[in-house]
Amino acid sequence: METILNYLDNMFVNMPKTPEVLRAKEDLAEMMEDKYNELIAEGRLQNEAIGIVISEFGNIQELIDELDIQNGSETEESGAKEQEKEPFKEEDISFTKTRHVSGMEADEYLFVSKQAASQLAAGIFLCICSPVMLLLLLAIRSFLFSIAEGVVVGAGVTVLLCMVACAVALFITASMKIERYEYLKTECFTLDPVYEQSMRNIWEMQVRNKVAYKITIGGVLCILAVIPVILTGVFVSESGNNEFLVLLSVICLLVIIAIAVSLFVTGGMEEEAYKVILQEKEFSPRKKSEKKMADFVSGIYWSVVVIVYLVWSFLTGRWGISWIIWPIAGILYDVVCKVFECCVHEKEI
């Protein structure tokens, strides 16, 4: 419940501290607490209940409209929007522009990222395990030869395609959920210092260990997954051919690998989400700035290379030699990016 109250504080952080707003905040806190307790009474997990409450009560604009709250910072926000709508000017090119991200946006991203990770993990699990039914039916047929091979293959392939189709649906929905938060990975932004510190504490004290456990368990499972195949190989070599045991060992291998990969995906995406919010490692402001510079330079650089290649080739007709431009351009590309980066940093200083 403390997480919900912190989330509620972030929702109202920019609202005027009028009696009307404070009363609305208290009413909303009471409604969110009632909903949370109701979900817990239904047997929902704590994290699941928090996510449902946030998703149902997390739209601050709808709350403002429903409660008819006048936001004192409305003029300032409209001015900021007008400034954002100003036409692009060439001299406005900058690789270090920042925006402010509210705690509500960050919490929504973490929640959506966790949902997307679960969907991606489920999709990957389905893809890896999709041949399991076919292998199982073939193993059963090794005992019951009366079952036609065509029926076994047809049923197995049908289940395989259905599982893959479900996996694709999960991949698409997960991608659509996380796509609208892509700006957090590419743009520099600032967070409220108190909120940022609270997120850093949560990462260090709770999430980091959980992610480490998932990665560790996944790695151990990947190693142990081959044991059924090894044991089956030893047993079959001593007792003769046993198709049932061979197929069963392959099924165990696929299921264990699918569980391990699912743990890698959920753990990795959870870690990435906190890196994005805290802007660490590959998502640090410097790395984002360098990536923007690289994209800006590459667009111009490779266009020039293509022009030089075509002009030289058409004018001389020596197509057999002009290809040498591409490996040379590839070698010089990193040098050009570094030079441009040094020039930009020197100009900023």
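Tutor: Begin with the helix. Helices (H or I, at least four residues) and strands (E, at least two) are DSSP runs, numbered from the N terminus. Just after α13, G317 takes a positive phi of about 70°. This is a predicted model, where local features need pLDDT of at least 70, side-chain atom pairs count only at pLDDT 80 or more, and totals for chains, interfaces and linings use all residues. Residues are numbered from 1 along each chain as its sequence is written, and side-chain values use heavy atoms, with hydrogens and water left out.

Student: How many residues does helix α13 have, and what does it reach from its first C-alpha to its last?

Tutor: The expected span of a helix is 1.5 Å times one less than its number of residues. Helix α13 covers residues 285-316, which is 32 residues, and its end-to-end C-alpha reach of 46 Å is close to the 46 Å expected.

Student: Which residues in α13 are buried?

Tutor: Buried means under 20% relative accessible area, exposed over 50%, and partly exposed in between (1.4 Å probe, protein chains only). In α13 the buried residues include M293, V297, Y301, V305 and Y309. K288 and E290 are also buried.

Student: How do I read aromatic pairs?

Tutor: Rings of Phe, Tyr and Trp (its six-membered ring) pair if their centres lie within 6.5 Å; planes under 30 degrees apart count as stacked, over 60 as edge-to-face and the rest as tilted. The whole structure holds nine aromatic pairs. One of them, W203 with Y274, is stacked, at 5.7 Å centre to centre and 25° between the planes. This pair links distant parts of the chain, with W203 in helix α10 (residues 193-224) and Y274 in helix α12 (residues 243-278), 71 residues apart. Both W203 and Y274 are buried.

A tilted pair is formed by Y309 and W326, with 5.4 Å between centres and 55° between planes. Here Y309 lies in helix α13 and W326 in helix α15 (residues 325-348), 17 residues apart.

Student: Are Y309 and W326 buried or partly exposed?

Tutor: Y309 is buried, with a relative accessible area of 17%, whereas W326 is partly exposed at 32%. Ring pairs also link Y309 and W326 into a cluster with Y301, W302, F314, W319 and Y333.

Student: How many disulfides are there?

Tutor: A disulfide is a pair of cysteine sulfur atoms within 2.5 Å. By this rule the count is zero. The closest cysteine sulfur to that of C129 is in C127, 9.7 Å away, so the two are too far apart for a bond. C129 is buried, with a relative accessible area of 6%, while C252 is partly exposed at 32%.
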